[in-house]
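Here is a short briefing for a first look. Keep the sequence and the model side by side as you read.

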Amino acid sequence: IKSSAASDVYKRQTVYNEMNYRKTAEKLNMTQPGVTQHIHYIENYYGVKLFSYNGKTLSRTPNAEILKRHIDSILSEERETIREFSQKEKTVLNIGATKTIGEFVLVPVVREFLRDENNSVNLVVDNTENLLRSLENAELDFAVVEGVFDKTKYPYHLYKKEHFVGICSKSHPFAGKTISLKEIFRETLIVRESGSGTRRLLEQAISENGFSLDCFHRVISVSNFSVISDMVMKNNAITFAYEPVAKSKKDLAVFEVDDMQIKGEFNFVYCNSRIAKEKIDLLFWGRK
């Protein structure tokens with residue numbers, strides 16, 4: 001049974017997510033006037049406007065975004081308290097990672113952490129969009145995210161930077177070379193699915209040069225890096241990813257593109273700074 005404080009937080013979060021008083025009322029098993037009254041109470045309590053109408057469209061104000069960040073942090077604290085009561089002597093980390101990081105960077109770190117039999121990890125490897133949603137729902141202690149995300153909405157700090165490079169087979173004409181931007185458009189490009197940080201980083205870099213993914217001869221979307229690597233090696237295609245991906249397969253090579261020298265960020269992202277710092281220190285440096 002949710003505490004009254006947690007229930008109050010949940011109501012605010014539901015309005016924020018649904019952006020519709022009627023749908024919110026149905027989800028919370030409340031009347032629509034009851035939801036409206038609750039929002040007005042919160043606005044009066046804080047002395048700010050949280051939502052506004054433009055015609056019939058409900059919009060969030062900047063104050064709603066600020067309150068949402070605090071709500072996410074409160075939910076994280078409550079979930080952490082419940083976990084501590086239930087886990088007793090066990091140490092369990094709930095971590096999210098985008099696919100490059102989950103498949104090619106975090107494995108040695110997690111393996112070392114699990115050398116202690118009292119330690120356990122729930123690792124979710126998914127795209128940036130889904131991981132951020134899980135953070136907001138207090139399902140993760142923190143996520144390690146590559147590339148682009150909205151830094152105004154989440155607390156974060158830098159883990160490290162990695163070179164973002166073109167990847168091809170060792171037999172491809174691009175292997176080990178620096179290629180002009182227009183040359184790469186003649187190729188078949190394999191990219192991650194929409195919502196991934198890697199894809200957004202590539203789209204942003206190409207857009208800054210006045211082009212888009214539509215300029216490529218052909219674009220294929222694949223959500224799995226092992227499949228992408230295999231297709232690049234066998235189908236004479238190219239992709240773009242962080243250097244650890246290229247180093248994972250002996251038949252892959254890197255190339256660079258003029259005017260697209262990119263270093264992407266790997267960031268720790270979270271909703272509750274206290275919980276995240278504690279769990280990050282524990283995983284990466286073994287400090288409690």
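In which helix is Arg69 found? Arg69 belongs to helix 4, which covers residues 62-87. Bear in mind that the model is predicted.

**Arg69 and its surroundings**

- Setting aside residues up to four places away in sequence, Arg69 touches Thr152, Lys153, Tyr154 and Cys271.
- Asn272 is 203 residues from Arg69 in sequence. In space, the C-alpha atoms of Arg69 and Asn272 are 8.8 Å apart.

**Aromatic rings**

- The structure holds 14 aromatic pairs.
- One of them joins Phe268 and Phe284, with ring centres 5.2 Å apart and planes at 80°. That pair is edge-to-face, because the angle is over 60 degrees.
- Phe268 sits in strand 12 (residues 262-269), while Phe284 sits in helix 12 (residues 273-285). The pair therefore ties together parts that are 16 residues apart in sequence.

**A nonpolar surface patch**

- Which residues form a nonpolar patch on the surface? Tyr41, Tyr45 and Tyr46 do, with about 410 Å² of accessible area together.
- Tyr46 is found in helix 3, residues 32-46.
- Tyr46 counts as partly exposed, at 43% relative accessibility.

- Helix 2 spans residues 21-28. Its buried residues include Tyr21, Thr24, Ala25 and Leu28.
- Why do these four lie on the same side of helix 2? They cover an arc of only 100° around the axis, which puts them there.
- An α-helix has 3.6 residues a turn, so residues three or four places apart point the same way.
- Glu26 and Lys27 are exposed, and they lie on the face of helix 2 turned away from its buried side.
- Just after helix 2 comes Asn29, with a positive phi of about 55°.

**Ser229 in helix 10**

- Ser229 lies in helix 10, which runs over residues 225-234.
- Ser229 is buried, with 3% relative accessibility.
- Not counting residues up to four places away in sequence, Ser229 touches Val245, Lys249 and Leu252.

**Phe240 in strand 10**

- Phe240 has its place in strand 10, residues 239-242.
- At 6% relative accessibility, Phe240 is buried.
- What does Phe240 contact, leaving aside its neighbours within four places in sequence? Its contacts are Phe164, Val165, Gly166, Ile184, Leu189, Thr198, Leu202, Phe255, Val257 and Met260.
- Phe255, one of those contacts, is 15 residues from Phe240 along the chain. The C-alpha atoms of Phe240 and Phe255 are separated by 9.4 Å.

Notes. Residues numbered from 1 in each chain as written. Predicted model: local features only at pLDDT ≥ 70, side-chain atom pairs only at ≥ 80, totals over all residues. Heavy atoms only, no water. Phe/Tyr/Trp six-rings, centres within 6.5 Å; stacked < 30°, edge-to-face > 60°. Helix = DSSP H or I, 4+ residues; strand = E, 2+ residues; numbered from the N terminus. Patch = residues over 30% accessible without salt bridge, like charges linked within 9 Å, V, L, I, M, F, W, Y side chains within 5 Å. Areas by Shrake-Rupley, 256 points an atom, 1.4 Å probe, with all protein chains shown as cover. Salt bridge = Lys/Arg side-chain N within 4 Å of Asp/Glu carboxyl O. Buried < 20%, exposed > 50% of the residue type's maximum accessible area, 1.4 Å probe, protein only. Contact = heavy atoms within 4.5 Å. Arc of directions from axis to C-beta.
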